[in-house]
Amino acid sequence: MRKQWWIAAGANLLMGVPAVVPVWLLWYIAVNGPLADLGWTLRDSSEDDGVLVWVVLAAPVVTVFALLWWLVNRFVRRRNTAAARVYWPVCVLATLVPSFALMIFL
C-alpha cells in the first residue's frame with residue numbers, strides 16, 4: 001500500500017510542474033477581476049484589455065490541464081486502495097505543491 005501512495009504522490013507532484021501555468025492564469029484573472037472589484041486587491045496598472053482576453057487564453061489551458069490531470073489520476077487511482085474521500089484531496093494538494101513553493105520562494 002505504501003508503494004501505491006508513492007506512485008500517486010509522485011505522479012501528482014510531476015503534474016504539479018506544468019500546473020504552475022494554469023494556477024498562475026487563474027490567480028491573475030482572480031486578482032484583476034473579482035478580487036479587485038471587491039477591493040481586496042489592486043488591479044495591475046498595465047491591465048487595460050479587460051478580463052475577456054485572459055479568459056479566452058486561460059480556458060483552453062486550464063481545460064487541457066484538468067483533462068490530463070484527471071486521466072492520469074484515473075489511471076493511478078485504479079491501483080490505489082485508499083478511499084476516494086482521502087485520495088482526491090491528497091492528489092489536489094500534491095499537485096499544488098510546486099505552485100505554492102514558487103509563491104513562497106520567489
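**Entry 1. Terms and basis**

I count Ala, Val, Leu, Ile, Met, Phe, Trp, Tyr, Cys and Pro as nonpolar, Asp, Glu, Lys and Arg as charged, and the others, Gly among them, as polar. The structure is a predicted model, in which local features need pLDDT of at least 70 and side-chain atom pairs count only at pLDDT 80 or more, while totals for chains, interfaces and linings use all residues. Residues are numbered from 1 along each chain as its sequence is written, and side-chain values use heavy atoms, with hydrogens and water left out.

**Entry 2. Confidence**

I looked up pLDDT, the predictor's confidence in each residue, from 0 to 100. The protein chain averages 90, and 98% of the residues score at least 70. Confidence is lowest in helix H2 (residues 34-37), with a mean of 89, and highest in H4, at 94. Helices here are DSSP runs (H or I, at least four residues), numbered from the N terminus.

**Entry 3. The largest pocket**

A pocket is defined on a 1 Å grid over the protein atoms alone, as an open set of points where a 1.4 Å probe fits, with protein on both sides within 12 Å along at least five of seven lines; lining residues have an atom within 4 Å of a point. The volume of the largest pocket is about 180 Å³, a volume being the space filled by probe spheres set on the points, which are joined across faces, edges and corners. I asked which classes of residue line the largest pocket. The lining has ten nonpolar residues, one polar residue and no charged ones. Among the lining residues are Ala19, Val23, Phe65, Trp69, Thr95 and Leu96. H1, H3 and H4 each supply at least two residues of this lining.

**Entry 4. The nonpolar cores**

A nonpolar core is a set of buried Ala, Val, Leu, Ile, Met, Phe, Trp, Tyr and Cys residues joined through side-chain atoms within 4.5 Å. Buried means under 20% relative accessible area, exposed over 50%, and partly exposed in between (1.4 Å probe, protein chains only). The largest core has ten residues, including Ala11, Met15, Ala19, Phe65, Trp69 and Cys91. Helix H1 (2-32), helix H3 (52-77) and H4 each give two or more residues to this core, and H1 provides the largest share, four residues. A second, separate core of five residues includes Tyr28, Ile29, Trp54 and Ala58.

**Entry 5. Single residues**

I checked contacts (heavy atoms within 4.5 Å), in each case leaving aside neighbours within four places in sequence. Met15 is in contact with Phe65, Leu68, Trp69, Val72 and Thr95.

Ala11 lies in helix H1 and counts as buried because its relative accessibility is 16%. Ala11 is in contact with Val72 and Val76. Ala11 and Leu96 are 85 residues apart in sequence, and 12 Å apart in space, C-alpha to C-alpha.

Cys91 lies in helix H4 and is buried, with a relative accessible area of 2%. The contacts of Cys91 are Asn12, Trp69 and Asn73.

Ser99 also belongs to helix H4 (residues 84-105). Is Ser99 buried or exposed? Ser99 counts as buried, at 4% relative accessibility. Ser99 is in contact with Ala19, Val20 and Val23.

Leu14, in helix H1, is exposed, with a relative accessible area of 63%. The C-alpha atoms of Leu14 and Ala94 are separated by 9.1 Å, although these residues are 80 apart along the chain.
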